[in-house]
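Subject: Structure handover

Hello,

Here is the structure I promised to pass on. My notes follow below it.

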Amino acid sequence: MKFTIGGSNQIIKDSIIFGTVNQFHGIGGDVSIAPVPDSGFGVSKFLLAETPRNREKARAQPSILLNPQNQIVPFIGRGAETANLQDWIASTESLSVQLIYGPAGQGKTRIARQLAHRQNREGWSVWHVTSQPLSAGSSSVVGDNFRVLAIVDYADRWPASRLINFMIHMRDLTLESERAVRVLLLGRSPGYWWTSVQDFCENNLSISTNQLLLLPIEPGIPRFEIVQEATTAFSTVLEVDVDKVRSKLESLDLDRSEFQNTLTLHMTALAAADAAWRDDDLPADPAAISSYLLRRERTHWHSLHTRQEDPLNTSPVVIARTAYIAAFTDELQRTAARKILALSGLAETTLKADIILDDYVYCYPSMDSSKVLASLHPDRLAEDFVALTIPGHGLAIGWQSDDWSILATSEILTQKDGNSEEGAKENSRALMVLVETALRWPHVAESVLIPVLQEYPYLAIGAGGNILEKILNLDISTDVLEKIDKFIPTSGYSDLDFAAARISTSLMPSRLEAASGQVAKVAIHVNQANRLARIGDRSGALDATSKALEIARSLDAEVEENSRHLAKALLAYGFSLFYMGRYGEAYQAFSEGIAKIQPRLSADGGKIDELAELGKLYTGKTISLAELGKFSEAATSAENAARIHRHLESDTPGYNRFDVAAALANYSNCLRRAGNLKDAVEPIRESVQIYEELAAGGGINESMHLSIAKTDLAALLIDNREYNSALDVVYPAIDSLKRIAETHAYIASSPLASAFSCAAVAEALGKRYRNALDLSAQAIEIYRSLVDVGSGGSAAQLASELSNHASSLASLKLHQEAVEFGVESISIYRWMMDTGYSVVPLNVASAYFNVADAHEKMGEIDLAIAGFHDGWQILDLVPESDRLAILDAASIGLTISRLSLRAKGAPIAGVMSIIEKSAQSYSDYLESHSRDVARTRESIEIKRNLRLLRNRSIESNGEYS
């Protein structure tokens, strides 16, 4: 809908509109209208009207009766699936997503249309959603109902980011207008794209997702009923005796596995009906039936070309070749269609191209009248047409192949440089059609697909992870896989990561066999670990690095260079342990690596690559020490890493400043957590500045780490009590991480949860507890999804966030709920400690203190004292060098002394010794900080409380415990 300048009666009310809407009234002065950014999808009303049935047209082109939109065959069967979808529609959620998947021809579109008709009758708006945005300046009014069914066909061909963007729009729509929305995705197979969409919907948007596999049609009665229904429908349109048609079918064994597909059964019934009125023989198998129906298309082209009145100028051969091209391109603007006809050798001039296109449109008009080259329908028939046209199928089915197709396909796929990013993306649809065809017709892979990938391997990369994963389901030689692998990015993250891991896993045996020696095998295992780590397979990555380390340890220690190879293996092994939450073992691996490589370097430095490895080893050591709660040691290690990377930056032109920024961020974080807030400021601000410069290039990895550094800066601002400034920093980080998580949830989820957690703390300390609860609840939801058996990393983060959530609940006087969340936090920490995982004592103690504080607020003094007592014992494990922790322990001792005075009777066992130690800690601190007025007052109070409690204990027992 588009409005121009006019009267005041221009009204839009209770409508959903996608695209550009301009409404003007009473405008004066200068007016500017900014274009709306491309949403990455298009929405229109789902076409439900039936196409009129024409006997003569159907007899000339029987395949048109197979198009689901024509709705020739009534929908039958699929009772369980239909009931499943009805339950999904009727669910109480405002927004929910359902994937229906299955092979081509299994009935996905038919069941979706059946659902669309049903919901339309019940008053729902039904949308058709495509990955092609509306043209600039246009708009689409798709309904005014408060119940919406959005159908997304070919979902597995969408970039995951576009699907997620659509889901975000739907979530916002339900929040803003209280509409009920159901999103139905149709695709041939779930893969990385679905994993990404599902994870983001459930973990970031709180949208429930479901998936439904359309199983093959069972032998026996189900197949018989489908064929019978289709036979009746086609016989009626073609006006042929149905009994004659059924007699044609008697010779077929429909229980064979080739007839398990809904479309195959419909094609069989159609071929039987057509053969009946033409007194022809019915082919015996699906491939021959496809050939039969396609031959009927050729007969139609020939009749049009040879008819006496107004014959088509274009020969059947050229129409066939144009149909072949259309199978790959499907509906182009005429200018683009002219170019591809010329490229394929079909038209040397614009005039010749237009004659061909006009004749082709007469045979196959496009849904969009502004476009040409509509493909044959349904898709499977178009794919069969491609397969039968390419020589080599080896079937005696009366179909003449065309060797022109081999060269033409290569030209279509490489009309722009196939090894360029632009060319690969532009040709992704054509590659998808070829891949889908090759999955059912092996000769297509052998004759066309593999030779094209051999010469243009980047096509598989540029087309995206979905297509690449399908390619990997084919029998691809190691030679071609190696060529594809060379184009896979070695840094950052992309939708190729899952396919990249599959490729390296497939190539492992051949690579290890061809390895020139043990050193090469170490590198192969480390590369495999990196690939697995990028997709979140931490266990697999640890296994690969363990093998690398085993080989590296077997190398001759007398050869000096081998110490470096061992250090590289220890580096990879250490990070694998770290991401499994095994921080103590990771620290040992990094320390051993440092010991192996540092002696090789001179006092003035060393080789660039070895210095870089040393810097990374110090980084690993830093983060391991930090997770172990040894912040002072971690700060020293982080300083070493920063010094090394600064040295490399100054001496190495073009050095990757990413490592410098990471080292500075770690250094600041460790200083902050060790209590040195003043010195922590400069390095984190410099880190953010470097990341901002790097992220300007648009890289996902750089943008993600910029957001992580901003979260660290916000945490430092919180420690300095600059809560609003912290929120100004962390909220943009959250927005950025949300965008990254749209396509890379498996890497961005944990940093996003950390950012939510940081914002929650800032809001809580700013006394905006409701905001804090909402943020920490989002963090908890993400952490729960990340916790997996055998990994302590995410478990520790979940436990910490549960404790923070408990604190915010307590601030809102929801003390019982606070206890419940706090107890869960403590139970996770206890599980980690019992199973050998490293924990930060300060965090565990805080969980106990939050629970104890809630008990105190509810008047449960004895439970509060017991909680503070247990937490203090955990805190007492912190090294004496950590001054901040010692003062925290002392202040808890003061709290325990206050509570003990409120309790009846003598202090419980162990409490007096805690209070005594705390009083001594205050005294020790004040010897060098005598001007700290607040701590002086606390010292005086705890000593007074200690004296009173001693007297009470003596009065009760004659002694104190």
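A residue counts as buried when its relative accessible area is under 20%. Glu436 has a relative accessible area of 5%, so Glu436 is buried. Please keep in mind throughout that this is a predicted model.

**Overall picture**

The protein chain has 961 residues, and 53% of them count as buried. It holds 39 helices and 10 strands. Take the contacts in the chain with a separation of 6 or more: residues 24 or more positions apart account for 68% of them.

**Salt bridges**

The salt bridge count is 39. Three of these pairs are described here.

Start with Glu436. Its side chain meets that of Arg188 in a salt bridge, at 3.1 Å from N to O. Which parts of the chain does this pair link? Arg188 is in the loop between strand 7 (180–187) and helix 5 (192–204). Glu436 is in helix 16 (residues 428–440). Arg188 has a relative accessible area of 15%, so Arg188 is buried.

Next, Asp156 and Lys470. Their side chains form a salt bridge with an N to O distance of 3.7 Å. Asp156 sits in the loop between strand 6 (147–152) and helix 4 (160–177), and Lys470 sits in helix 19 (residues 465–471), so the pair ties together parts that are 314 residues apart in sequence. Are these residues buried or exposed? Asp156 has a relative accessibility of 2%, so Asp156 counts as buried. Lys470 has a relative accessible area of 7%, so Lys470 is buried too.

Both pairs belong to a network. Asp156, Arg188, Glu383, Asp384, Glu436, Arg440 and Lys470 are linked in it by salt bridges.

Asp497 and Arg534 are both buried.

**Helix packing**

I looked at two helix pairs.

Helix 24 (residues 560–579) packs with helix 26 (residues 608–627). Their axes are 10 Å apart, at an angle of about 30°. Angles under 35 degrees count as roughly parallel. That is why helix 24 is described as roughly parallel to helix 26. Their crossing is left-handed. Which residues meet there? From helix 24 they are Arg564, Ala567, Lys568, Leu571, Phe575 and Phe578. From helix 26 they are Asp609, Glu610, Glu613, Lys616, Leu617, Gly620, Ile623, Ser624 and Glu627. By class, this contact has 6 nonpolar, 2 polar and 7 charged residues.

Helix 6 (residues 221–238) and helix 7 (residues 242–249) form the other pair. Their axes come within 9 Å and cross at roughly 135°. Helix 6 and helix 7 are therefore oblique to each other. The crossing of helix 6 with helix 7 is right-handed. Helix 6 brings Val227, Gln228, Thr231, Thr232 and Ser235 to the contact. Helix 7 brings Val242, Val245, Arg246 and Leu249. The contact of helix 6 with helix 7 divides into 4 nonpolar, 4 polar and 1 charged.

**Backbone points to look at**

Where is the cis peptide bond? It joins His377 and Pro378, with omega at about -5°. Pro378 is in the loop between strand 10 (371–372) and helix 13 (379–389).

Two residues other than glycine have a positive phi.

- Ser206 has a phi of about 55°. Ser206 lies in the loop between helix 5 and strand 8 (208–213). Its relative accessibility is 53%, so Ser206 counts as exposed.
- Arg721 has a phi near 65°. Arg721 is in the loop between helix 30 (700–719) and helix 31 (723–765). Its relative accessible area is 69%, so Arg721 is exposed.

Best wishes

Definitions and conventions
Residues numbered from 1 in each chain as written. Predicted model: local features only at pLDDT ≥ 70, side-chain atom pairs only at ≥ 80, totals over all residues. Heavy atoms only, no water. Salt bridge = Lys/Arg side-chain N within 4 Å of Asp/Glu carboxyl O. Helix = DSSP H or I, 4+ residues; strand = E, 2+ residues; numbered from the N terminus. Buried < 20%, exposed > 50% of the residue type's maximum accessible area, 1.4 Å probe, protein only. Axes fitted to C-alpha atoms, helices over the stretch in contact; angles between N-to-C directions. Parallel < 35°, antiparallel > 145°, perpendicular 65-115°, else oblique. Left-handed = near helix turned anticlockwise from the far one by under 90°. Contact = heavy atoms within 4.5 Å. Nonpolar A, V, L, I, M, F, W, Y, C, P; charged D, E, K, R; others polar.
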